[in-house]
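Subject: Handover of a structure and the findings from it

Dear colleague,

Please find below the structure that I am handing over to you. I would ask you to keep it open while you read the notes that come after it.

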Amino acid sequence: MRWSKTFIHTLRQDPADAEVISHRLMTRASLISKVAPGVYNYLPLGLRSLRKLEFIVRQEMARAGSSEIVMPAVNPAELWKESGRWFEYGPELLRLKDRHDHEFCIGPTHEEVITDIVRRLVTSYRQLPVNMYQIQTKFRDEIRPRFGLMRGREFIMKDAYTFHADAEDLDVAYRAMEAAYRRVFERCALSYTQVEADSGNIGGSESHEFMVLADTGEDAILACAACGYGANVEKALSKDPNPAPPYPLDATQQPQSIETPEMKTIDQVADFLGVAPAHLIKTLIFESYEEFVAVLMRGDQEVNEVRLKNALDCTHLQLATEEKIEKITGGPQGFSGPVGLEGVRILADPTVMALEHAATGANVKDTHLVGVVPGRDFKPDVVVDLRLAREGEPCGVCGKPLAEKRGIEVGHIFKLGTKYSSKMDCNFLDNEGQEHPMIMGCYGLGIGRTVAAAIEQNHDEHGVIWPIPLAPYEVVLAVLNSDKPEVVAESEKLYTALLEAGIDVIYDDRPERPGVKFKDMDLIGFPVRIVVGKRSLENGCVEFSLRRDGEKSIVALSDVVIHTQEILSNLKAESTVEEKG
């Protein structure tokens, strides 16, 4: 492809709304352009990278035994009402009506539609298992779309679904998909890790995320180098490294009130009372669609809201407002406590119940209680692990310290069980004629998000440094002296020879200054650069360089094609990246 015939318009300045590296560089390098918040055009260079990833994904899905289909982006509300998600999903689900006043949504995911396909056509265990996937545009109405393709509203996703007669067969497919995802990311030359994850509103009994490792990643991962355990921080388990020290105040038969004027924070109260933050019980009032709940955490710990959602079996959760807190507890925010608290369910973390004595809010302005004994002075409705694990804490498996890494979620796989099939009557008959709901699996991979994550992981101050499997073009051939007919003529010959050899090359034939061309090549990040200039041609040579290290070499004209093939072969051999624990 000739540069002059391709729609490539690079920018020298970062877009004003770009917050992360991939958004800045994809926009400046003419890979994407913005249509609306969270909605982007895929320009020629960006689309080539997407298509290269899709090619790898299709190959690995076929290897895993999955057949490709395409489901409609617009889904009828009836299917979502059958599953219950029409009412559960929340404002991220973009709903609309047609001219007949029928309700639809733009699919953020396609569990309902695939279940409807299978229930209409599959009735017997002899027809199972079923394994299908699609690469399709999705839409989720994010309240604050940001980070370019990393958290947009419209996005391209590969989603696969499997249907089984029993849990053992589901596990076979799940492990095959695990292996397929690992091969995809290894073939893309990305440094990644697989971690345990929460299933979220998709549901299911087991799930794993695939994270591309990058310092700019928005997700925290806790991993143990000793035993290999790894999990998203929302799912990670750790042992409490800091049991509360001995309680320094005198024990009493009943809690005692102490005035704590204007002291609302844990540190302020602990310092005033002369106790450690671990001796304080902080009471957080949360609100779901169904109820208010009081959550008790030790003062030196943070609540894991994902675990809290799971414990409450709810999809929406937020901290209550100051007005609602005062109405529920009788006291202002910052002075809430479990003693005497009525009318709401109380959930307590086990570290709270392990305290011999504690201090907590008195549900009265400027007042705290000391000498509180969990189990004597209050009894929670539920005791459940709600603590957010942190770096340095002992691994929940082997007890060695956990290390934190940053990652970008690019894939997520789930064992759904019968969450959708039981609600939507997707059943099969076994060999005795008995009817059972099919057991399902779900496997998602973000196409645009993976390409953006590759840039987050591979860049420098000049621009993108593409891993060769995802580069829009593997080679750029640039003519420097386009005003010299002999230079142009030799460049044209080289371009034709490279094309005939099957090399993935773009020819920069623009009549631009060398500095402009070099800046564009660095910004876009083509892995291999061949430069044809008047001076080198006088010696019968051209200049080669690699984007990743900038190392230059001079190669004879007669050896250009062979040398290019050798470089590409070496780069591809070096590009496989092993999974990181």
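The notes below begin with the whole chain and then turn to single residues.

This is a predicted model, in which local features need pLDDT of at least 70 and side-chain atom pairs count only at pLDDT 80 or more, whereas totals for chains, interfaces and linings use all residues. Residues are numbered from 1 along each chain as its sequence is written, and side-chain values use heavy atoms, with hydrogens and water left out.

The chain as a whole

The protein chain contains 15 helices and 31 strands. Here helices (H or I, at least four residues) and strands (E, at least two) are DSSP runs, numbered from the N terminus. Along the principal axes, the C-alpha atoms fill a box of roughly 100 × 65 × 50 Å.

Of the 581 residues in the protein chain, 53% count as buried. With a 1.4 Å probe and protein chains only, buried means under 20% relative accessible area, exposed means over 50%, and partly exposed lies in between. The accessible surface of the protein chain is about 25,800 Å², and carbon and sulfur atoms hold 50% of that surface; such areas come from the Shrake-Rupley method with a 1.4 Å probe, and for residues only the protein chains shown count as cover.

Among the contacts in the protein chain with a separation of 6 or more, 70% join residues 24 or more positions apart. A contact means heavy atoms within 4.5 Å.

The protein chain carries 66 positive and 89 negative side chains, and the centres of these two sets lie 5 Å apart. Lys and Arg count as positive and Asp and Glu as negative, while His and the chain ends are not counted. Each charge is placed at NZ of Lys, CZ of Arg, CG of Asp or CD of Glu.

Cysteines

The structure holds zero disulfides, a disulfide being a pair of cysteine sulfur atoms within 2.5 Å. C227 is partly exposed, at a relative accessible area of 36%. For C442, the closest cysteine sulfur is in C426, 14 Å away, which is also too far for a bond. C442 is buried, with 2% relative accessibility.

Backbone features

Most residues other than glycine have a negative phi, and most peptide bonds are trans. The peptide bond from L128 to P129 is cis, with omega near 5 degrees. P129 lies in the loop between α5 (111-121) and β7 (130-139).

F147 is not a glycine, yet its phi is positive, at about 65 degrees. This residue, F147, sits in the loop between β7 and β8 (154-164) and is buried, with a relative accessible area of 15%. N363 also is a residue other than glycine with a positive phi, near 60 degrees. N363 belongs to the loop between β18 (358-361) and β19 (367-372), and its relative accessible area of 9% makes it buried.

E474 is in the loop between β26 (463-464) and β27 (475-479) and is buried, at 12% relative accessible area. Leaving out residues up to four places away in sequence, E474 touches several residues, among them K52, D504, F526 and K572. The side chains of E474 and K572 are joined by a polar contact of 3.4 Å.

N304 lies in the loop between β15 (292-298) and α8 (305-312). Is N304 buried or exposed? N304 is buried, with a relative accessible area of 2%. The side chain of N304 reaches the backbone oxygen of E234 at 2.9 Å. From C-alpha to C-alpha, N304 and F526 are 43 Å apart in space, and they are 222 residues apart in sequence.

R529 is part of strand β29 (residues 528-532) and is buried, with a relative accessible area of 14%. Beyond four places in sequence, R529 touches residues including V476, F518, D522 and E543.

Methods
Polar contact = N/O pair within 3.5 Å; in protein donor to acceptor, adjacent residues only side chain to side chain.
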